[in-house]
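Open the model in your viewer and keep the sequence panel beside it. This tour says what to select at each stop and what you will find there.

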Amino acid sequence: MSSSETWRGLPIAQQPGWPDPVAFDSVIAELRSLPPLVTPGECDQLKDRLAAVQRGEAVVLQGGDCAETFAGATESTTTTKLTCLLQVAVVLTYAAQVPVIKIGRLAGQFAEPHSQPTETRGDVTLPAYRGDAVNGLELSPDARMPDCRRLLRAYHAGAITLNLCRAFTRGGDASLRQVHAWNMDFVATSPAGRRFERIATEIDRALAFMHACGVDPEQVHTVDFWSSHEALLLDYEAALSRVDPASGGTYDLSAHLLWIGDRTRQLDGAHVEWARHIRNPIGVKLGPQTTPADAVTLSRLLNPAREPGRLMFVTRMGADAIRRVLPPIVEAVSAHGSPVVWVCDPMHNTFVSPSGLRTRCFDDLIDEIDGFFAVHRALGTHPGGLHIEFTGEDVTECVGGEHDLAEGDLHRRYETTCDPRLNRRQCLDLAFTVADLYQS
Ligand code: PEP
Ligand code: MN
């Protein structure tokens, strides 16, 4: 057994029972023969960037859908998400004057862990939807049956999405010269849009000044964009792992960064064991049940060489717990001395509104981010960035924000297949608030 296969046979949470083993073997064989989506060199570059975040010289912005769908792998959905991510990044870069490492929760986020194995609507109980890579959202026994051929569709949907992201970010559309264009449909209708427009105008003036001085650096015209998703379905991740001939190390080439969810981070479980043997940068979500000892053991297991940029802890404690739960964790990890990038996922503040729709309140997100900054500032560690669930569309899934979206408005455009996402206005609102925190 090669070292990257040692996870097999260990307790493994959140895997679908694939009903057809013959079809499953053939799907895995096909995935093994397909080209990787990213390269080891790119994964190493991202690790270098994350090392800069860990030193306090940059921040991470990681975001996208809770769960991508195959139907959403279209030009407009992808470019809208990208421009939204770029707008948030520009606000952070301009207002806080720090480089922003842009990581999409994109081009592979097709599987989600579930909190309940079944879903009941009225008198029908069906297996839970686990993401398009596993089963269908439709409420029927057929759709909810895991279908391993979906893994191939996930690969192809990831590939076409990443291709468009690469073209968009390298080919000129992400140039700072386009900063007004990203905001075009947005300016007049929104105070956040108008606030963004003022930044865009200042950026234009700075670029014109640089141009007049004969300076036109490439960094103005292209954006480094990195892909990431939760490494949930380990058979899929293993099938896209390759040995890098240059270093002899194994990389999971389905995305640049993979993270382990809060539900699958058991210290003796398969996901942690799997991640130990791949060289990509790795994220781990830490929920409110995390103990300081868990966090230290995770950093010992996942980053024994204490490599800067290798390990990112994404804390998602909830607004009411973060100020209490996070400090002893940060203290223990700092005392252990292993380098970690600390990122805040403020999205786990969901509740069910009276209409029955699951939502999040914008103010709770801000409260959790405030707590995250307060804890890191008090302990002298770097608040290394944000992990958010959003879409560039004008959906009505989270309440609050600049437009003060009310619970009664949620039904207007509630489209998520999974957790509620911030819309573009709410993302920009969040960006301005976080930029203020970085400046203070
Ligand atoms: C998620 O990121 O959608 C998720 C399920 O997160 P966690 O693993 O933190 O619960
Ligand atoms: Mn989610």
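Select Cys-66, His-348, Glu-389 and Asp-419, where UniProt places the feature "binding site" in an unreviewed entry. These four span 354 residues in sequence, yet no two of their C-alpha atoms are more than 11.2 Å apart, so they gather at one spot. UniProt positions are given in the numbering used here, feature names are shortened, and annotations may be inferred rather than shown by experiment.

A word on what you are viewing: this is a predicted model, in which local features need pLDDT of at least 70, side-chain atom pairs count only at pLDDT 80 or more, and totals for chains, interfaces and linings use all residues. Residues are numbered from 1 along each chain as its sequence is written, while chains are lettered from A and ligands numbered from 1 in the order in which they are written.

**Two of the four, close up**

Go to His-348. It sits in the loop between β11 (341-344) and β12 (350-352). Helices (H or I, at least four residues) and strands (E, at least two) are DSSP runs, numbered from the N terminus. Is His-348 buried or exposed? His-348 counts as buried because it has 21 C-beta neighbours inside 10 Å. Buried takes 20 or more other C-beta atoms within 10 Å of the residue's own, exposed 12 or fewer, and partly exposed falls in between, with C-beta atoms placed from the backbone. Leaving aside neighbours within four places in sequence, His-348 is in contact with Arg-316 and Gly-318. Contact means that the two C-beta atoms, placed from the backbone, lie within 7 Å.

Now pick Asp-419, in the loop between β14 and α12. It has 18 C-beta neighbours inside 10 Å, so Asp-419 counts as partly exposed. Which residues does Asp-419 contact, leaving aside those within four places in sequence? They are Cys-66, Met-347, Thr-350 and Glu-389.

**A further annotated set**

Arg-105 belongs to strand β2 (residues 100-105). Its 26 C-beta neighbours inside 10 Å make Arg-105 buried. Not counting residues up to four places away in sequence, Arg-105 touches Gln-62, Gly-63, Gly-64, Asp-65, Ser-228 and His-229.

Arg-316 lies in the loop between β10 (311-315) and α10 (322-336). Arg-316 is buried too, with 22 C-beta neighbours inside 10 Å. With residues up to four places away set aside, the residues that Arg-316 touches include Asp-262, Lys-285 and His-348.

**Ligand 1**

Show ligand 1. Around it are Cys-66, Glu-112, Pro-113, Gly-261, Asp-262, Arg-263, Lys-285, Arg-316 and Asp-419. A residue is near a molecule if its C-beta atom, placed from the backbone, lies within 6 Å of it. How does this shell divide? It holds two nonpolar residues, one polar and six charged. Here Ala, Val, Leu, Ile, Met, Phe, Trp, Tyr, Cys and Pro count as nonpolar, Asp, Glu, Lys and Arg as charged, and the others, Gly among them, as polar.

**Positive phi**

Most residues other than glycine have a negative phi. Ala-107 has a positive phi of about 70 degrees, although it is not a glycine. Find Ala-107 in the loop between β2 and β3 (118-121). Ala-107 is buried, with 30 other C-beta atoms within 10 Å.

Next, jump to Gln-14, in the segment before α1 (21-33). Its phi is near 65 degrees, a positive value in a residue other than glycine. Gln-14 is partly exposed, with 19 other C-beta atoms within 10 Å.

**A hairpin**

Select β3 and strand β4 (residues 124-127). They run antiparallel, joined by four bridges. Strands pair if DSSP finds at least two bridges between them. Arg-121 has Val-124 of β4 as its bridge partner. Two residues lie between the strands of this hairpin, where Gly-122 takes a positive phi near 60 degrees.

**Last stop: helix α12**

Select residues 424-439. The 16 residues of helix α12 should span 22 Å at 1.5 Å a residue, and its end C-alpha atoms are 22 Å apart, which agrees. The expected span is 1.5 Å times one less than the number of residues. Among the buried residues of α12 are Cys-427, Leu-428, Leu-430 and Val-434. What covers the buried residues of α12? The cover includes α3 (75-96), α6 (191-212), α11 (362-379) and β14 (385-389).
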